[in-house]
Amino acid sequence: MKHLLFLVFSLFTFSCVYSQGMHYSGVVNDTMNNQPLANAVVMVVNLEDSVLFGFTRTNQKGEFELKDIPFSEQELLISHPNYGDKSYYVIGSPENNRIEIPNIILPEKATELDEVVVFANKEPIYFKGDTLVYVADSFKTKENAVVEDLLKKLPGIDVDEDGNITSQGQSVTKVLVDGDEFFGEDPTVATKNLGAKGVETVEVYETTEDNGDGEETVQVMDVKLKEEYKKGYFGKIAGATDFQDFYEGEVLLNSFNKDLKLSVFGLGSNTPNTGFGVGDAYKYGLTNELNANFEDGISFSNNTSRRGLPRTFKGGFYYSDKIGKKAKLGFNYTYNNNDIQQLKESKSQFIFADTTYTTRENNNFFENQESHAINLSLDLKLDSLTKLIVEPSVNIKRNSIEQTDSTSFLSALNSRTSSTLLNNTLDNEGLDINATVRLERQFMKRKREFTAEYQYGYTDNEADERLYSDIRYLNGNPGADSLTNQSKVTLSNTQGHRGRLSYNEPLTRKWNLELDYKLDYFFGDQSKSTNNFDGQAFTIFDSTFSNNFENTRLENRASVGLKYETRKMTFKFGTAARNVQIDNRNLFTETSILQDVNNLLPYTRFIYKFSNAERLRFTYRTSSQQPTITQLQPILDNSNPNSVAIGNPDLLPTYAHSINIGYNKWEALKRQWVWINGYFTATNDAFSSEVIYAPDGRTISRAINVDGNFFTGLNAGAGLNAFDKFLRVQPNIGVSYNKFNSRINTLDNTTTNTGFDGGLELSIDRDSVFFSIGANYSYNIPESSLSFGSNQPYSIQTYRMNFSIDLPWKMEFETDADYFINSNLSAGFNQTPLLINASLSKRFLKTENLTLSFEANDILNQNIDVNRTINNNVIMDRTTQVIARYFLVRLQLRFNNNKTKVEDERWY
Amino acid sequence: MNAGIKKFATLLLVISASNVFGQFTANGKIEFQRRTNLEKKFKDNDSPWMNKVNLKKPKIESFYLYFNDSSSVFLPSDVVDEDPRMSWITSKNKVYQNFKSDELLEIMSFWGSELVVGDTIKERVWKMTNKRRIIAGYDCRRAIWEANDSTTIYAWYAEEIMCSSGPETFNGLPGMILGLATEDGGVVYFAKEVLKDNFDVEKRIPKVKEKDKLTEAEIRKAVTEQYGARKDFNVKEMLDEMFLW
């Protein structure tokens with residue numbers, strides 16, 4: 001059955017004052033459009049309650065006429081036994097009462113997938129099998145809108161301030177353009193750079209990806225472009241300044257010709273609007289580093305917040321093309337250089353059964369990062385069923401850190417007991433090489449699939465560190481003043497090989513057998529040599545803080561599963577069995593830490609589709625996480641002498657059970673949706689820490705395993721219309737409960753947190769005005785079994801407002817406000833900033849491609865960063881210096897090959 | 001494509017095109033089978049008589065519907081009931097509907113006597129669905145009639161049969177109703193066979209005396225006046241059930 005519904009709003013309408021109701025007439029023709037169809041049924045169905053308002057049949061000439069149908073939102077449905085149905089969605093009213101459709105061509109009778117097309121309220125949405133398809137042209141966007149602006153208009157899809165996309169409450173992890181990644185894996189490159197006008201359809205579907213521990217369902221968005229937008233170039237040059245301290249500059253050039261894509265970009269700024277927040281790697285497709293699981297111990301640094309004073313420069317290019325019909329080549333290079341300067345002030349309360357004390361800390365932190373990243377990819381279609389993928393990448397990186405930290409320890413009576421001055425510098429240089437070769441083979445038999453993969457990873461890293469710390473005891477408090485002045489050199493070199501075979505065999509039409517085998521080998525060598533200062537040079541070797549480790553890890557993992565799949569439901573279950581052998585050799589002491597772990601990792605997944613737009617899902621999976629080398633090595637890390645860390649050779653891998661239950665339903669015609677998700681994760685042998693507090697307040701922490709950690713919660717949300725679709729109402733609620741065990745001074749400590757939150761967003765979207773207002777309230781009840789002092793409930797309220805209006809003379813005004821109340825912060829940290837931003841812009845030129853705007857950020861000059869963290873028996877309140885009020889004048893020129901109006905690219 | 005294949009394709013097209021016009025049915029006879037689930041029908045009845053009859057077994061009866069483009073006659077089959085004690089349990093209405101002249105003639109049995117209904121065609125509010133099933137080889141679409149708060153009736157109709165009629169007094173869908181069922185499945189009509197032929201509908205109209213004709217409203221009024229005061233059963237419910245079909 002093929003259903004095609006679309007809106008006839010003013011398309012075929014002629015006004016007729018005298019009619020008593022809806023009047024339909026038209027001619028129905030067959031698919032080939034060469035002869036009229038007689039006897040086809042033409043009926044009108046009221047959309048609200050599906051009531052049949054009237055029907056007729058076409059005459060021998062294919063003509064029909066239906067009169068005196070009541071006014072309503074209704075469906076005109078034409079059906080014929082030999083063809084697919086065709087429907088028109090009509091908003092009937094006395095002004096829109098005569099519908100004449102001169103040539104109705106019925107579609108072929110669909111034999112495979114159901115297709116329901118709904119063009120309702122200018123919002124055409126339909127399902128193609130399991131894929132939700134939005135027809136872009138039917139959603140009104142502003143003149144210069146980019147894909148992201150379009151997405152914000154699509155019902156069921158949300159885009160947050162960072163550009164992260166969720167569909168039906170679930171996050172979209174991948175954005176494709178015409179089925180391919182567009183200039184890298186970062187979704188926002190596509191969504192912020194492609195014009196909404198070039199989009200034909202937006203498709204959203206689910207697929208499963210293996211994340212190493214098991215399969216996970218991810219949502220993929222595929223933006224399909226119109227044919228005429230597949231060739232050409234577009235670009236943007238923009239600059240902004242306040243003529244004093246701040247600047248932003250950006251050059252973006254994209255050239256594409258069907259399959260050839262070339263993009264050159266450069267970007268520099270010293271405002272928070274650099275966009276280099278969440279995962280630099282993702283932003284410019286530097287994903288190979290992040291995917292490398294060989295990289296133990298070195299975590300990719302990302303400055304996620306707007307805290308501090310940033311400076312960023314970035315440049316590079318992306319190239320991809322098809323070579324012949326069978327090969328696809330991709331190459332990209334990115335240079336990145338950024339600084340961050342942060343001034344932090346914090347107050348921490350340490351609460352014990354018998355006493356409390358406080359620390360006050362001032363921290364001055366500066367970091368510079370520089371990297372060159374090169375990625376290459378080659379996709380080869382060996383034949384119609386076989387695909388070979390080769391993906392090598394190289395990343396050269398360097399970063400340096402300089403920080404000064406002064407800490408005062410205060411007793412319960414508020415007298416200073418000791419102070420610490422700390423000076424740290426770090427120079428780090430590294431090289432990463434990764435390569436993946438993957439062979440994907442399909443067979444003539446439907447759903448029989450085979451994949452073989454080999455991955456190689458190499459890292460080489462050298463870090464030079466200087467540590468100067470001066471600890472003094474004051475006011476007669478006991479303790480020996482100590483001075484540390486050390487130089488450390490850390491060398492690490494790792495190599496990894498991974499092989500993987502997976503095979504899918506259809507047993508029957510509905511049952512599938514899934515087999516998977518993985519072999520993982522990792523070898524790492526890490527040495528740290530520490531020298532103390534002798535007054536002239538760093539010559540005195542310090543064995544306490546030096547070490548040399550060799551690390552070997554071998555993992556064998558086999559999994560078998562069964563999948564049952566019908567149109568209505570998917571049911572999957574199976575288990576993975578694995579053996580992990582770890583040999584951690586200390587070359588200094590000639591001792592070994594050996595681990596031999598066997599795991600069974602069962603999983604099951606059930607999805608029931610009441611309809612394409614209404615689903616219930618249940619997932620159970622188990623996962624196990626290995627300790628990192630640093631967590632295992634019993635070596636002191638004194639880079640912060642106030643909190644020294646040490647590894648634990650007996651640390652076991654974790655074992656976690658996770659259950660997820662979700663339901664979502666969405667009604668296309670009413671543009672309403674509702675979703676609810678519940679989760680529960682319990683972890684055995686979870687990684688935690690054992691903290692020993694020295695009498696002077698300094699700590700030593702050690703990684704340990706604990707049982708009984710879990711977190712659980714329930715979230716629900718909905719999108720509704722009120723006042724005849726004038727107002728959108730989006731409520732959401734959530735409840736969560738977490739339990740976390742740790743050890744403090746050899747005593748077991750259990751921390752729980754109960755959280756409640758609820759929010760409501762109201763929005764009005766009219767032709768030239770958009771207004772939205774939202775509020776969120778969350779209430780948290782932390783409880784710690786050891787220390788009752790930290791068990792203070794607190795609440796966080798956030799309010800936000802957004803307003804934009806199109807003004808005459810090609811002008812536009814936008815403003816947004818954020819208000820934030822965090823209760824129960826300590827004195828001096830209990831601030832409630834109100835942030836208001838506004839901008840006024842005017843478009844010039846015939847194409848309106850030149851924009852001049854005035855922007856005011858944080859008009860009330862209130863921006864501060866306040867942060868409270870409660871960790872076991874420690875409550876820490878911290879403020880970080882951020883850029884507050886600033887004004888910018890921005891000039892921006894956009895251009896394209898069409899010499900027409902170009903879509904805006906916004907940056908965040 | 002060579003000329004021969006082209007010709008052949010054209011021929012195929014012509015054949016399939018002629019099929020399109022050939023397949024619509026304007027005249028014919030439909031055999032319906034009605035299954036009545038007596039347990040459901042009498043679930044609230046605790047009369048001792050009920051213990052004597054086999055309620056487990058569904059009662060199966062046949063009906064014929066003769067139709068042309070604008071009228072139809074619905075008649076029970078001549079086959080007698082297996083168990084004569086149970087014949088009265090189910091209705092055996094005879095119905096003539098003329099959609100051109102908006103005329104309904106129905107002969108129903110009321111406590112052993114015949115009632116003649118002469119009225120206009122019954123109108124029902126149909127709700128359309130996308131559900132489909134094949135009945136007697138015809139692709140049918142399901143529509144729903146919410147008769148009252150407690151009764152919902154499903155109807156499957158075939159567009160390929162041009163006459164907008166159906167079993168009993170049912171009509172009003174863009175095609176012939178080939179399946180009719182109460183939501184609980186207590187009473188189900190399904191077409192077993194559709195014969196395409198020119199049957200004389202007029203000839204089969206039940207003969208009645210013009211003076212015996214009463215409208216539904218008149219019957220309701222008369223019956224309520226007669227039996228409305230009775231405590232042992234609900235007259236309105238009985239009438240609603242009678243005129244439901």
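## Exercises on a predicted two-chain model

In this predicted model, A:Val28 has A:Ile104, in strand 8 of chain A, standing opposite.

**Exercise 1.** Find out how many bridges join strand 2 of chain A to strand 8 of chain A, and whether the two run parallel or antiparallel.

*Solution.* 
- Step 1: Locate strand 2 of chain A, which covers residues 22-29; A:Val28 faces A:Ile104 of strand 8.
- Step 2: Count the bridges between strand 2 and strand 8 of chain A: there are six.
- Step 3: Check the direction: these two strands are parallel.

**Exercise 2.** Work out the strand order of the open sheet in chain A, and explain why one side of strand 5 and of strand 8 has no neighbour in the sheet.

*Solution.* 
- Step 1: Three strands of chain A build this open sheet, in the order 5-2-8, with mixed pairing.
- Step 2: Strand 5 (63-69) and strand 8 (98-105) of chain A are at the edges with a single partner strand each, so one side of each lacks a neighbour in the sheet.
- Step 3: Going from one strand to the next, the twist averages 15°.

As background, strands in a sheet pair through backbone hydrogen bonds, in parallel or antiparallel fashion.

**Exercise 3.** Describe the side of chain A that touches chain B: which strand gives the most to it, and how do its residues divide into nonpolar, polar and charged?

*Solution.* 
- Step 1: Begin with the contacts: 14 residues of chain A meet 17 residues of chain B.
- Step 2: On the chain A side, strand 3 (41-46) and strand 4 (52-57) each supply at least two residues.
- Step 3: Strand 3 of chain A gives the most, with three residues.
- Step 4: Sort the chain A side by type: eight residues are nonpolar, five are polar and one is charged.

**Exercise 4.** Identify which residues of the largest nonpolar core touch the most other members, and which strand provides its largest share.

*Solution.* 
- Step 1: This core holds 57 residues, and B:Tyr157, B:Ile177 and B:Leu178 touch the most other members.
- Step 2: Strand 3 of chain A brings the largest share, five residues.
- Step 3: Look closely at B:Tyr157. Beyond its neighbours within four places in sequence, its contacts include B:Cys140, B:Ala143, B:Leu173, B:Ile177 and B:Leu178.
- Step 4: A separate second core has 22 residues, among them A:Val146, A:Val159, A:Val175 and A:Met221.

**Exercise 5.** Sum up chain A: how many helices and strands does its secondary structure come to, and what percentage of its residues count as buried?

*Solution.* 
- Step 1: Chain A has five helices and 50 strands.
- Step 2: Of its 908 residues, 29% count as buried.

Key
Residues are numbered from 1 along each chain as its sequence is written. Chains are lettered from A and ligands numbered from 1 in the order in which they are written. This is a predicted model: local features need pLDDT of at least 70, side-chain atom pairs count only at pLDDT 80 or more; totals for chains, interfaces and linings use all residues. Two residues are in contact if their C-beta atoms, placed from the backbone, lie within 7 Å. Helices (H or I, at least four residues) and strands (E, at least two) are DSSP runs, numbered from the N terminus. Ala, Val, Leu, Ile, Met, Phe, Trp, Tyr, Cys and Pro count as nonpolar, Asp, Glu, Lys and Arg as charged, and the others, Gly among them, as polar. A nonpolar core is a set of buried Ala, Val, Leu, Ile, Met, Phe, Trp, Tyr and Cys residues joined through C-beta atoms within 7 Å. A residue is buried if 20 or more other C-beta atoms lie within 10 Å of its own, exposed if 12 or fewer, and partly exposed in between; C-beta atoms are placed from the backbone. Two strands pair if DSSP finds at least two bridges between them. Axes are lines fitted to C-alpha atoms, for helices over the stretch in contact, and angles run from 0 to 180 degrees between N-to-C directions.
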